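I opened the model to look at helices, cores and surface. My notes follow in the order I looked things up.

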Amino acid sequence: MMRTRPLKVALLGCGVVGSEVARIMTTHADDLAARIGAPVELAGVAVRRPSRVRAGIDPALVTTDATALVKRGDIDVVVEVIGGIEPARALITTAFEHGASVVSANKALLAQDGAALHAAANQACKDLYYEAAVAGAIPLIRPLRESLAGDKINRVMGIVNGTTNFILDKMDTTGAGYQEALDEATALGYAEADPTADVEGFDAAAKAAILAGIAFHSRVRLDDVYREGMTEVTAADFASAKNMGCTIKLLAICERAADGGSVTARVHPAMIPLTHPLASVRGAYNAVFVESDAAGQLMFYGPGAGGAPTASAVLGDLVAVCRNRLAGATGPGESAYAALPVSPMGEVVTRYHISLDVADKPGVLAQVATVFAEHGVSIDTVRQQGKDGEASLVVVTHRASDASLTGTVEALRNLDTVRGVASIMRVEGE
């Protein structure tokens with residue numbers, strides 16, 4: 001039997017995502033009630049600019065006092081979609097203290113203070129759900145922490161930022177330069193006026209921290225994630241990638257060490273074989289590739305941003321939290337029992353593609369090969385082209401640690417025959 005008294009929801013933020021959450025709650029009210037077992041009522045909407053017209057929202061529900069809204073005591077669920085660290089952190093903890101569960105899309109806050117927020121939720125015996133914080137509409141958080149809870153996840157690798165994937169895809173398919181592709185992304189609304197958080201990897205790094213923590217049952221904070229942006233990727237890099245049967249993606253990679261004693265989390269551009277499922281992810285779409293002991297290889301794909309897709313994930317969490325509320329229970333919280341340390345980037349082992357500008361004369365290749373050998377880095381392939389006393393030398397290594405490769409490059413720069421290091425890129429997915 002359906003409960004007639006509604007569950008009350010407070011919405012913090014009514015921008016692109018928040019307005020879609022409100023719209024779906026209104027237009028799908030009957031379906032949501034049937035799925036939950038009780039009606040859900042939008043009890044208040046906290047905004048910064050109350051004078052703005054918000055279609056479909058009763059102006060009487062709009063307030064600028066978010067703190068008073070979450071302190072009301074009759075609120076069952078707080079939906080936080082304002083983003084940022086403060087006041088979101090204070091509002092979420094206040095919501096727990098006053099009896100509400102929380103649904104959030106705040107990747108930056110969860111990556112920085114997820115452990116403290118989970119502790120606050122646990123102390124209050126309330127839920128903290130955040131499916132929308134990573135990869136938009138793609139069901140990912142819940143499969144990792146529930147569907148795969150009985151499995152051992154070894155690697156999570158994905159494209160988790162639509163803006164960067166759109167830019168790199170345009171560079172790959174049209175031959176456009178970075179700035180040209182960025183300008184198109186901005187014109188189409190895929191890139192912000194200030195794209196730094198996207199193109200420098202900050203957005204993806206926050207998502208990598210969340211994914212690594214869930215996948216490996218360990219606390220991984222934003223500061224633990226190695227981050228490298230994609231602003232230096234050039235058309236020449238794509239040409240080299242195509243020669244190897246690869247393309248270039250900005251990847252978030254979380255993996256368990258071979259001995260199982262530590263984990264790593266990193267974000268950087270990488271060459272990936274065209275045969276890998278992630279290579280075919282086009283435009284502003286996201287995809288995450290998961291490798292585990294029992295399930296094997298899994299691929300999660302879909303729109304990673306936008307008002308309606310992100311609102312879909314928020315509403316999925318809202319339904320789950322409301323069901324828990326009616327049952328007098330809570331869903332899964334933080335699982336950090338493994339407490340695996342996060343290894344520094346220097347210990348990460350992968351393949352590398354290095355492009356060198358060298359003098360076009362005998363003995364250069366031998367000198368370069370000697371430097372690689374002295375630093376314990378094995379060479380897989382070498383390609384050399386020369387003209388008018390100058391040459392380019394492209395070296396692809398076997399798997400090597402980041403630290404050993406860094407030492408190799410420093411030594412190469414000291415060779416008189418090496419004019420410069422044109423590019424260094426990791427090769428993943430093999």
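How many residues does helix α12 have, and how far does α12 reach from its first C-alpha to its last? I noted first that this is a predicted model. Helix α12 covers residues 307-327, which makes 21 residues. I read a reach of 30 Å, close to the 30 Å expected at 1.5 Å a residue. Then I looked at what comes after α12. Gly328 follows, with a positive phi near 70 degrees.

Next, the cores. I found 77 residues in the largest nonpolar core. Val78, Ile167, Ile210 and Leu211 have the most contacts inside this core. Helix α10, residues 202-216, gives the most to it, with eleven residues. Another core lies apart from it and has 33 residues, including Val9, Val81, Ala313 and Val319.

I went back to Val78 for its contacts. Leaving out residues up to four places away in sequence, Val78 touches Ala10, Leu12, Val70, Ala95, Ala100, Ser101, Val102 and Val103.

Val409 was my next stop. I located Val409 in helix α14, residues 402-413. Is Val409 buried or exposed? Val409 counts as buried, because its relative accessibility is 7%, and the cut-off for buried is under 20%. Val409 touches Val421 and Ile424, again not counting residues up to four places away in sequence. I also checked Val409 against Met425: 16 residues apart in sequence, 12 Å apart in space, C-alpha to C-alpha.

Last, the surface. Tyr285, Met299 and Tyr301 make a nonpolar patch of about 300 Å². I placed Tyr301 in strand β12, residues 296-303. Tyr301 counts as partly exposed because its relative accessibility is 47%.

Technical notes. Residues are numbered from 1 along each chain as its sequence is written. This is a predicted model: local features need pLDDT of at least 70, side-chain atom pairs count only at pLDDT 80 or more; totals for chains, interfaces and linings use all residues. Side-chain values use heavy atoms; hydrogens and water are left out. Patches are made of residues with over 30% relative accessible area and no salt bridge: like charges are joined within 9 Å, nonpolar side chains (Val, Leu, Ile, Met, Phe, Trp, Tyr) within 5 Å. Accessible areas come from the Shrake-Rupley method with a 1.4 Å probe; for residues, only the protein chains shown count as cover. A salt bridge is a side-chain nitrogen of Lys or Arg within 4 Å of a carboxyl oxygen of Asp or Glu. Helices (H or I, at least four residues) and strands (E, at least two) are DSSP runs, numbered from the N terminus. Buried means under 20% relative accessible area, exposed over 50%, partly exposed in between (1.4 Å probe, protein chains only). A nonpolar core is a set of buried Ala, Val, Leu, Ile, Met, Phe, Trp, Tyr and Cys residues joined through side-chain atoms within 4.5 Å. Contact means heavy atoms within 4.5 Å. The expected span of a helix is 1.5 Å times one less than its number of residues.
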